[in-house]
Amino acid sequence: MSFDTAKAAIDMLVEMSGSRRNLEIDFFGGEPMLDFDVVKKTVLYARSLEKDRNKKFRFTITTNAYKLTDEDIDFFNEQMYNVVISIDGRKHVHDRVRKTVGGKDSFDIVMKNALRFKQKRKGQYYVRGTFTRYNLDFCSDVLFLNDMGFDQLSIEPVVLDPASPMAIRDDDIPTVLAEYDKLAAEYIERRKTDKWFNFFHFMIDIDNAPCAVKRLKGCGAGGEYVAVAPDGTVYPCHQFDGIAATALGNVFDKDLDESIRKRFYGCSVPTKPDCTACWAKYYCSGGCMANSFKFCGGDINKPYRPACELMKKRVECALAIKAIESGD
């Protein structure tokens, strides 16, 4: 993405956010640090608007950390509210799917940089991985990352065309559910020791939960949240990038398709009949619209069933952990 495109995206956000003061921008890819100069220019440009436009920006960046320098980390500490480092877990798991352009393994360099980052980090961070059919024993990857010294962790299931050899299949679901149970048990025990850590999907705040709108609408894709592609095309979220039928417009014309926006903004738990009887509906907010679009015939109001099963198990584990840790 060029700086001109990034600047236009900031201008569009400031203009369309109206009186809303707090704005969030995520640098995500791909790999945003392929052109870190643009990232830095974009952050500083947004900062230059804050006072006059009565805005407050909060930035997040997700990076594979392969080229991370001390100078980069210093900038993160100055400007990034949250930093997400992509590591899939154990060396053989990570190297199987994260090769360099030249086909070499990346784990050793990434881990070295990530550990240096953790030591210098001032502020929020996560180490985030993706598990595939190659490592359904992902509990081992979470615990490995914790053993390496990271205490803010997330491992997400891959979502791919079922024909992909990495895709999690329907007959894998029981294995994955059992692995969440295993992870929950290990999680409870480790949090009593000096290996205490947070696992993103087990962090449910029952007492101070999200507001009703957040519970009903989830991420707000297409309404309160959009993604900007390198060419300036605006999509409901990054997972729709390249799907022309969902393109909202372009940052240079700032004229977004209101019919598509309303379609997404109107999508919520009450518009999803399959969700109405689900006990977990106000914790998952009806699931991911991108998954629904891609795997449910383009219908964003139809939940993607495999993801439903995983979500319910994670919520079940999270509630059990909450009850055990609070002594209830």
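Is Thr271 buried, exposed or partly exposed? Thr271 counts as partly exposed, at 33% relative accessibility. Buried means under 20% relative accessible area, exposed over 50%, and partly exposed in between (1.4 Å probe, protein chains only).

This is a predicted model: local features need pLDDT of at least 70, side-chain atom pairs count only at pLDDT 80 or more, and totals for chains, interfaces and linings use all residues. Residues are numbered from 1 along each chain as its sequence is written, and side-chain values use heavy atoms, with hydrogens and water left out.

**The six-stranded sheet**

- Six strands form an open sheet in the order β1-β2-β3-β4-β5-β6, and the pairing is parallel. Helices (H or I, at least four residues) and strands (E, at least two) are DSSP runs, numbered from the N terminus. Two strands pair if DSSP finds at least two bridges between them.
- β1 and β6 (198–199) are the edge strands, each pairing on one side only.
- Strand β1 (residues 22–27) runs parallel to β2, and six bridges join them. Phe27 stands opposite Ile61 in β2.
- Strand β2 (residues 56–63) pairs with β3 in the parallel sense, over five bridges. Ile61 has Val83 as its bridge partner in β3.
- β2 is largely enclosed by the rest of the structure, because six of its eight residues are buried.
- Strand β3 (residues 80–86) is mostly covered too, with six of its seven residues buried.
- Strand β4 (residues 124–131) and strand β5 (residues 152–157) run parallel and are joined by five bridges. The bridge partner of Val127 in β5 is Leu153.

**The three-stranded sheet**

- Another open sheet has three strands in the order β7-β8-β9, with antiparallel pairing. Its edge strands are β7 (227–228) and β9 (249–250), and each pairs on one side only.
- Strand β8 (residues 233–235) pairs with β9 in the antiparallel sense over two bridges. Val234 has Gly249 as its bridge partner in β9.
- Strands of a sheet pair through backbone hydrogen bonds, either parallel or antiparallel.

**Nonpolar cores**

- The largest nonpolar core has 57 residues, and Met80 and Ile87 touch the most other members. Helix α7 (residues 173–190) gives the largest share of this core, eight residues. A nonpolar core is a set of buried Ala, Val, Leu, Ile, Met, Phe, Trp, Tyr and Cys residues joined through side-chain atoms within 4.5 Å.
- Apart from it lies another core of 19 residues, including Ala9, Val234, Phe240 and Cys267.
- Met80 touches Phe27, Val39, Val43, Phe59, Thr60, Ile61, Phe75 and Arg121, not counting residues up to four places away in sequence. Contact means heavy atoms within 4.5 Å.

**Two threonines in loops**

- Thr246 sits in the loop between β8 and β9. Thr246 is buried, with a relative accessible area of 1%.
- Leaving out residues up to four places away in sequence, Thr246 touches Val234, Tyr235, Pro236, Phe240, Ile260 and Phe293.
- Thr271 belongs to the loop between α9 (258–265) and α10 (281–284). Thr271 touches Gly266 and Asn301, again not counting residues up to four places away in sequence.
- Thr271 and Ser326 are 55 residues apart along the chain, and 35 Å separates their C-alpha atoms.

**Cavity and pocket**

- A search of the whole structure finds one cavity of 30 Å³ or more. On a 1 Å grid over the protein atoms alone, a cavity is a set of points where a 1.4 Å probe fits but cannot get out, and a pocket is an open set with protein on both sides within 12 Å along at least five of seven lines; lining residues have an atom within 4 Å of a point.
- The largest cavity has a volume of about 40 Å³. Grid points are joined across faces, edges and corners, and a volume is the space filled by probe spheres set on the points.
- Asp88, Val93, Arg96, Val97, Thr130, Thr132, Tyr134 and Asn135 line the largest cavity. Helix α4 (residues 91–97) supplies the largest share of this lining, three residues.
- The second largest pocket holds about 320 Å³ of space. Of its 17 lining residues, Glu31, Asn64, Tyr66, Lys99 and Thr100 lie nearest its centre.
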